[in-house]
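Subject: Handover of a structure and the findings from it

Dear colleague,

Please find the structure below, together with its sequence. A summary of what was found follows.

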Amino acid sequence: LVLLVSGAVLLTVIGGALLMSLPDVRILEKCFTTSMFKVRVCPGTDNYVTLKNVSPYMIHALIAAEDGAFYSHKGFDWHEIQASLDLRSGEVRRGASTLTQQLAKNAFLSKDKTLVRKLKEAYLAYSIENVYKKDFILEKYLNMVEFGPNLFGIKAAARTYFDKSPADLHPLEAVWLAHLLPNPKVYSQGFRKGELSEFSKKMVQII
């Protein structure tokens with residue numbers, strides 16, 4: 001009994017210290033630099049775009065590709081989490097992070113794939129969902145996410161790949177940009193080669 005109580009106290013202390021080390025998610029409202037890729041996100045600057053100035057095709061393509069239950073979950077898609085696990089081996093078969101979790105990771109955390117980082121990501125995603133509306137989350141995500149080597153944010157991506165503003169993206173362009181997100185450095189190689197890979201063609205069709 002003493003060992004159980006001591007263990008519970010230790011876990012409580014560690015958990016408390018972990019949470020105290022996390023940033024305040026309200027930083028998202030201000031100008032800040034992301035932890036993951038050191039992207040400067042600052043509303044009102046030339047590189048920032050509001051959600052109302054992003055093509056609805058881009059928004060729908062993003063949700064279809066990355067987080068189909070975005071508007072109905074509270075930061076976690078438990079169905080996807082369950083589906084991503086091999087229950088026999090305990091291994092993860094596919095990614096199950098929601099857009100909110102991806103925002104938390106990109107804005108506040110590192111690339112480390114550790115249990116501690118996942119716990120931090122989960123808490124931050126929960127906090128973001130409890131403070132902000134879905135459209136705010138989408139806007140911040142689109143302004144910091146990676147679309148290719150040293151290419152961050154939908155405004156830079158739309159200009160680089162299609163020489164247009166995010167508001168003017170048509171459905172196929174939006175779908176192609178959305179298909180990049182799981183691995184933009186690799187999946188964007190088709191643009192540089194001037195030819196889509198068979199994998200990219202398949203993913204564009206699926207989305």
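Is Tyr132 buried or exposed? With a relative accessible area of 10%, Tyr132 is buried; that term means under 20% relative accessible area, exposed means over 50%, and partly exposed lies in between (1.4 Å probe, protein chains only).

The model is a predicted one, in which local features need pLDDT of at least 70 and side-chain atom pairs count only at pLDDT 80 or more, while totals for chains, interfaces and linings use all residues. Residues are numbered from 1 along each chain as its sequence is written, and side-chain values use heavy atoms, with hydrogens and water left out.

Overall composition

The protein chain holds 11 helices and six strands; these are DSSP runs numbered from the N terminus (helices H or I, at least four residues; strands E, at least two). Of its 207 residues, 41% are buried. Among contacts (heavy atoms within 4.5 Å) with a separation of 6 or more, 64% join residues 24 or more positions apart. The accessible surface of the protein chain is about 12100 Å², and carbon and sulfur atoms contribute 58% of that area; the areas come from the Shrake-Rupley method with a 1.4 Å probe, and for residues only the protein chains shown count as cover.

Lys134 and its surroundings

Lys134 belongs to helix 6 (residues 134–142). Its relative accessibility is 12%, so Lys134 counts as buried. Leaving aside residues up to four places away in sequence, Lys134 touches Phe70, Tyr71, His73, Gly75 and Glu129. With Glu129 there is a polar contact between the two side chains, at 2.9 Å; such a contact is a pair of N or O atoms within 3.5 Å, where, within protein, one must be able to donate a hydrogen and the other to accept it, and residues adjacent in sequence count only if both atoms are side-chain atoms. The charged end of Lys134 also sits over the ring of Phe70, 4.6 Å from the ring centre (NZ of Lys or CZ of Arg within 6 Å of the ring centre and within 35 degrees of the ring normal).

Aromatic pairs

Rings of Phe, Tyr and Trp (its six-membered ring) pair if their centres lie within 6.5 Å; planes under 30 degrees apart count as stacked, over 60 as edge-to-face and the rest as tilted. By this rule there are nine aromatic pairs. The ring centres of Tyr132 and Phe136 are 4.0 Å apart and the planes are at 15 degrees, so this pair is stacked. Phe136 is partly exposed, at 22%. For Trp176 and Phe191, the centres are 6.2 Å apart and the planes at 50 degrees, so the pair is tilted. Trp176 lies in helix 8 and Phe191 in helix 10, so the pair ties together parts that are 15 residues apart in sequence. Trp176 is buried at 9% relative accessibility, whereas Phe191 is partly exposed at 37%. Tyr161, Phe162, Trp176 and Phe191 form one aromatic cluster.

In helix 7 (residues 154–162), the residues Ile154, Ala157, Ala158 and Tyr161 are buried. They cover an arc of only 95 degrees around the axis, which puts them on the same side of helix 7; the arc is that of the directions from the helix axis to the C-beta atoms. Among the elements that cover these buried residues are helix 2 (56–66), helix 6 and helix 8 (171–180). Just after helix 7, Asp163 has a positive phi of about 55 degrees. Asp163 is exposed, with a relative accessible area of 59%.

Yours sincerely
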